[in-house]
Amino acid sequence: MKKNMALFCALRVFFTAVFCANLVCANDIGMFSRTNPNASSLSLGTPARVPKPLNIGIAGYSVEGVSEYGRLSANTSFNVNDIRIGAVVEYTALDSIYDRLQTQWELAYSTMAVGFGMAYNLNMERLSEIQDDNWATHRMLVGAYGRYPEYFMYSALLNISLDSFHASVYDLAAYWLLNSYTLYIEYEWELKHSFLVGQELFFGSWGVECAYKYPGSRLYLGIAVWFENVNAFAGVASVSKDYQGRIWKIGYGRN
């Protein structure tokens with residue numbers, strides 16, 4: 001009887017925290033959605049994000065069983081009044097065969113209720129095995145978000161190739177933001193349609209994010225911790241049925 005009462009009390013506290021919508025969660029993970037307005041800057045992600053005085057982060061990505069492959073990125077952003085300025089630098093290498101350098105520069109108008117931004121993305125790639133064959137692609141990204149009521153947020157992202165204007169990608173997403181819980185669904189069109197459904201659970205100074213993408217049957221899972229203004233993240237993402245990606249990130253942000 002005592003065990004049942006203890007379990008009932010624990011479940012009651014948990015669901016009260018999750019479904020209490022009086023406050024919107026202050027922390028956010030947002031590692032798997034390209035359009036999350038609360039997350040930090042991401043290469044080929046939306047430039048329209050909620051205002052934060054300062055945000056700095058470094059991140060890495062590797063694939064299990066492919067030691068020759070690696071990716072390292074750094075991002076920063078800051079707000080001056082309602083103007084947000086951000087930048088992302090990302091380097092990818094596959095042994096000595098292939099490497100890529102990608103940079104993104106962002107400018108946006110952002111408030112807690114609405115935001116609109118634009119970004120320029122330059123992608124430079126090289127195949128050293130083919131007589132140092134080099135090429136570059138240029139993209140423009142346009143993003144926007146809005147919040148109404150305070151526990152619902154909507155965002156959109158248009159990714160336009162400046163080399164071939166018909167080669168565009170667009171994302172639409174909706175977020176249900178509660179005190180200790182976030183549920184989101186993101187629709188993406190890039191040659192074909194796909195949906196990403198995810199959720200974030202927060203437990204004080206740490207949180208968990210999991211997401212599933214279909215078609216493609218990709219599963220994402222990660223855990224984040226916060227200590228004052230510093231945060232850290234570690235996660236896994238299914239690349240295919242045979243390979244698994246590993247993600248890590250360390251960031252500093254002032255709210």
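**Exercise 1.** Determine whether Phe 32 and Phe 233 are buried or exposed, and describe the ring pairs of Phe 32.

*Solution.* Phe 32 and Phe 233 are both buried, where buried means under 20% relative accessible area and exposed over 50%, with partly exposed in between (1.4 Å probe, protein chains only). The model is predicted: local features need pLDDT of at least 70, side-chain atom pairs count only at pLDDT 80 or more, and totals for chains, interfaces and linings use all residues. Residues are numbered from 1 along each chain as its sequence is written, and side-chain values use heavy atoms, with hydrogens and water left out.

Next, take the rings. Rings of Phe, Tyr and Trp (its six-membered ring) pair if their centres lie within 6.5 Å; planes under 30 degrees apart count as stacked, over 60 as edge-to-face and the rest as tilted. The whole structure contains 12 aromatic pairs. One of them, Phe 32 with Tyr 220, is tilted, at 5.1 Å centre to centre and 35° between the planes. Tyr 220, like Phe 32, is buried. Phe 32 also pairs with Phe 233, edge-to-face, at 6.0 Å centre to centre and 70° between the planes.

**Exercise 2.** State which residues form one aromatic cluster.

*Solution.* The cluster consists of Tyr 170, Tyr 187, Trp 189 and Phe 195.

**Exercise 3.** Classify the residues that line the largest cavity.

*Solution.* First, list the lining, whose residues have an atom within 4 Å of a cavity point: Ala 39, Ser 40, Arg 49, Val 50, Pro 51, Lys 52, Asn 55, Ser 77, Asn 79 and Arg 84. Then sort by class: 3 are nonpolar, 4 polar and 3 charged. Here Ala, Val, Leu, Ile, Met, Phe, Trp, Tyr, Cys and Pro count as nonpolar, Asp, Glu, Lys and Arg as charged, and the others, Gly among them, as polar.

Key. On a 1 Å grid over the protein atoms alone, a cavity is a set of points where a 1.4 Å probe fits but cannot get out, and a pocket is an open set with protein on both sides within 12 Å along at least five of seven lines; lining residues have an atom within 4 Å of a point.
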